[in-house]
Amino acid sequence: MEDQKSIMLQKLQSNAINIRNLSIIAHVDHGKTTLTDQLISANNIISKRLAGNLRYMDSREDEQRRGITMKSSSIQIIHNNHLINLIDTPGHVEFSSEVQAALRLTDGALVLVDVLEGFSSQTFNVLKQMYEEGIKGVLVLNKVDRLILEKQMDPDQAFIYMSQIIEQVNAALSSFLNEQIHQVEEQKEFSLDDETIKNLETNLYFCPTKDNVVFCSSIDAWAFTVGTFSAIFAKKLKCNQQALQKFLWGNYYFQNKKVSTNPIKEGQSVLFVDFILKNIWNIYNYKDNIQKIQSIATQLQLNGQIANYKQLMSKWLPFDLCLFDRIIKELPNPIEAQRARKDIICKRINRQITKNYDARYDELYQSIQNCDPNGPLVVFVAKMISVPPECIDEKQLNPKPQGILSYAFARVFSGTLHLNQPVFVIGPKSKIINNVNQVDQTDIQQFEIKRIYHMMAQYLEAIKMMPAGNLVAIGGLDELIFKTSTISSVNYCPSFAPTFVKFKSIVKTMIMPTQQEDQPKVLQAIKKLYKCDPSLDVQALDSGEIVLGTCGEVHLQRCITDIEKLSECKVKISEPIVPFKETIIYKNMLEESNEKFHKKKAKVLVQGEQKQKKQQQFEQKSKDDDIDVEKQKYFKQKLQEGEDTEIIKDTNILEHEDIRYNQLLKEEVKFKYDQKQQVKKMDHKNKGKQTVKNLLVEVQNKSNLVEELTANQKIAVKVRAIGLPFELTTWIENNQKQMRKLLYENKGDPKIFLEEFDLIRKTLKIDKKLNELIENHLQCFGPKKFGPNLLINKMIKSEDSLIQKLKQQTLNQNQFPLIQQQQIIQLDFQQEVEEQNQISQIENKVESTKDSKSQLSDTTGSIAKGLELYLSQQDLSQDAMNNAINLGFDLALNAGPLCAEPIIGACFIIEQLKFSEEEQQSQQDTYGPISGQLISAMKDACINSFLGAQPRLVESVYKCTLQTDFMNYGKSIDVLNQRRGNVLNEVLNSCTSLFTVQARLPLSSSFDFYCQIQSATSGHVSAQLDFDGWSIIQEDPFYQPYTDDDIEENGIQKVERNIARDLIMATRKRKGMNFEEKIIVAADKQRNLSRKK
Ligand SMILES: Nc1nc2c(ncn2[C@@H]2O[C@H](COP(=O)(O)OP(=O)(O)OP(=O)(O)O)[C@@H](O)[C@H]2O)c(=O)[nH]1
Ligand SMILES: [Mg+2]
């Protein structure tokens, strides 16, 4: 019996025309697993009675408990001599990588939409993934029963509502198509005619009359398409089925065997409603009247026992038959699909696209195109899955493996995979070979296939062979595969590893075993999981701690469960490590000058008043104290002098411009000066030991213009820090790939970059002064030459600025390298200690560049004579000096002063670089190489000027989409408010009376959000969190109210709770940095117990 089944399966697997490989994709909870249950119950894998409630594909305990799918799994179903390989995917946004892997392996997709919740953010995402993978789909409008029972919509409303959803889906597809057309037109410089675009759109769209839209209820097990009813009514009305089908969707009305586009009588329903929906609504209306249900069953000529409306519906419109019919007729078989998708599956073996084309690829290309089981073997492994031994059915083929092992989840694109077959496992780092006789063995390993299986949800059933066009699981590859791979019978086959979108790890957490002795086992488990999970990041700190980077809270929980299962040990995790960035707020310099002008004016007035007041007080006091007239005169004069000096100082503001205008309102100039000196001293003493309180004192006293001396006091570097517009910062971040190539790797044409950089500055209307500095004095971006910060050096000549050099390069392609490779050092500064080590490393590097006479050295810089002389005495070229400056700048950017998080959106301007004359006398230099000292001085100058330039914390935020009814709306908003959520917009869907609320939610306050919102609303709200980038916390972390007015203006709340400061403190605490000064609350006298005796 079993053998018969295997033979039959083998037969089906060998007949590619009758195979359908498909993924089920949708937003979370839209009913994918329930739908899969219904389909597999048709094969008696589970009973019909349990279908819908069992959620068979959710085989993990945590999937069942949480009620969501967390991994994609595959199952084989046989229908009408067809073999259907179906992959149920998770809908939760944190498992998007699973959808990507599933789509790469399959040829078609069922795109589900919960009709009540409608088109949602994840529907958009999965549609985009489907489009990019070139996969054909069938749209399934699921949960139609909810419109009847929950929303009590009438059929006319339901029709309008469902048409809107289809329109939204098509609009999304149209946007993807147009984007692609636009790209192709730009690249190839031609434009498509309207007719072609229209045809492309028509082929892409979902339309019920094309029979690629299914209306169903997975829970009640019924489904239909417009085609189902056109067949029924064509028979009844004795008309042509195809002709009738065209009118069964859209604004068509039926009267006296005629169809018209206008209603014949008032309130008349369209054909779709009249012929289809009204009949379904009718059955649901009588759902409690069993006699009526049975009489309807008789009218519909349904045989057999009908006990309730659900049975009636599923007998009348059988779910599985409708879906299987659509899957088989609408979705392509592997041969059609591989022909259509060959350039997506394997770009590298297309003669037209690949530069270094190898003639031997022709055979591979042909074989994949034809899905040829006799061609060379090509198997693509999309992911690794862990399977416990009890789920593996070996059928005595091999000794049963012990422990949880990983299996490769793959698709055979060409050839046939056999047991004992020697193959090459080709990793993503393997190179394209263009020499027929040469084989580059990088990342290619030999292997003999020992175990092959087909998958039945969590179970693996051993088989002997698997031909092209099928999904397969392969054992024994644990050690050879890292996340994805390509397996081939020929070693020249290129890696098919797709450029999968790298899912950013958002939530980072430290993980450790509860029992220290379990560490090796836990490490092994983490290693195994890291190989399998495409979106898991693992980082080992020098301290020995392991940090897991996951896509969110749910993903993290899944990883923990897996690690515990794989290691059979309990683990504990730290509080999530939330990433922050540090920045300076941008103020238009011009605006600032105006602002300053007004402030200055105000100050003069205030000072005038104060002076008068002080004089009066003084006169009064002198009278009271009876101070002698001479003394009075003397003090009066002093007072006068003090005030005047300050005013004079301030008029000189352009030279010593301070963007922190608040400072200007303070009176005590002398006090300020003393404090500054103290802070300077403290700086040297407490390097790296600042507490937030120290910082607070510093920030209040620091200016954004700072001068730092090298340790030997010989070179002085004066740096000003200002903020960049956040849009410019984001633009640089988004263009990092291009900038990296151009500025770091010295590849590509700078023309496009220059144009775009120019355009963005114009669009943002960047201040003229800053723009001019960027044009003529930009030394580099940073960190690593392409980061979102700028280093401007007023000391360099205009022709040596980065922009001018790039411009020159466009005229004179590749004349000289822009950046010397030896400057490039990977920096990852978490710890102060590490930083020191790095400095000495960098010093060596810089020293080594001294001798290398660079082409730049004779063109760079116009530095003061004294300095030039000194540098030549020190044998330090100007080029090496610039390198040192760049490295100091980079060091500062890697760990900002607030909480050692990376700096973004800052612009550091070197105002002056001079030889410090006063200290010339100092004897023997005991401070090491001058380049190293310059790095430290530059770093300190950046950090200190940053502190004086209104630093702000930047936090990562989620876009939160909530769908809630009116009853739970208030509760949902409450939860958002408690967590610093910021509502962006709210839309009320008039058909469903559901609110869609979009908000921004800080990552740091998003933990347990799902749980809280579910318990607050008794599970009546659907919530989704998508990573949405970075947002500046506008609150000043160092805000201190000085006056009653400050408190009145900002509220006492602000004084008591400063969120930015709290977050900085928490981060510093986590990083083991000083975060608080010890304050003695109650200083009781120490008692000497012995005295008591
Ligand atoms: N009323 C109604 N409920 C349904 C229908 N289909 C599914 N559900 C319910 O919707 C909930 C989610 O169903 P699932 O099948 O787990 O959804 P899913 O899309 O697999 O969810 P994820 O895999 O987590 O993305 C369950 O409570 C189902 O009972 C339907 O047709 N009608
Ligand atoms: Mg599911």
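The points below go through a ligand site, a strand and the cysteines of a predicted model.

1. Basis. Because the model is predicted, local features need pLDDT of at least 70 and side-chain atom pairs count only at pLDDT 80 or more, while totals for chains, interfaces and linings use all residues. Residues are numbered from 1 along each chain as its sequence is written, chains are lettered from A and ligands numbered from 1 in the order in which they are written, and side-chain values use heavy atoms, with hydrogens and water left out.

2. Surroundings of ligand 1. The shell around ligand 1 holds 18 residues, the closest being Lys32, Thr33, Thr34, Thr69 and Asp145; a residue is near a molecule if one of its heavy atoms lies within 4 Å of it. By class, three residues of this shell are nonpolar, nine polar and six charged. Here Ala, Val, Leu, Ile, Met, Phe, Trp, Tyr, Cys and Pro count as nonpolar, Asp, Glu, Lys and Arg as charged, and the others, Gly among them, as polar.

3. Backbone atoms at ligand 1. Oxygen atoms of ligand 1 lie 3.1 Å from a polar backbone atom of Asp29, 3.0 Å from a backbone N or O atom of Gly91 and 2.9 Å from one of Ser218. Of the 650 Å² of accessible area that ligand 1 has on its own, the protein covers 84% (Shrake-Rupley method, 1.4 Å probe). Two or more residues of the shell come from each of α2 (32–41) and α6 (144–149), and α2 gives the most, with three. Helices are DSSP runs of H or I with at least four residues, and strands are runs of E with at least two, numbered from the N terminus.

4. Strand β17. Buried means under 20% relative accessible area, exposed over 50%, and partly exposed in between (1.4 Å probe, protein chains only).

5. Partners of β17. Two strands pair if DSSP finds at least two bridges between them. β11 (residues 392–393) pairs with β17 in the parallel sense over two bridges, with Ile392 bridged to Leu460. β16 (residues 452–456) pairs with β17 in the antiparallel sense over five bridges, and Tyr453 stands opposite Ala462. Two residues separate β16 and β17 in a hairpin, where Ala457 in the turn has a positive phi of about 55°.

6. Cysteines. The structure has zero disulfides (pairs of cysteine sulfur atoms within 2.5 Å). Cys551 is in none, and the nearest cysteine sulfur, that of Cys559, is 8.5 Å away. Cys551 is buried at 9% relative accessible area, and Cys391 is buried at 10%.

Definitions and conventions: Polar contact = N/O pair within 3.5 Å; in protein donor to acceptor, adjacent residues only side chain to side chain.
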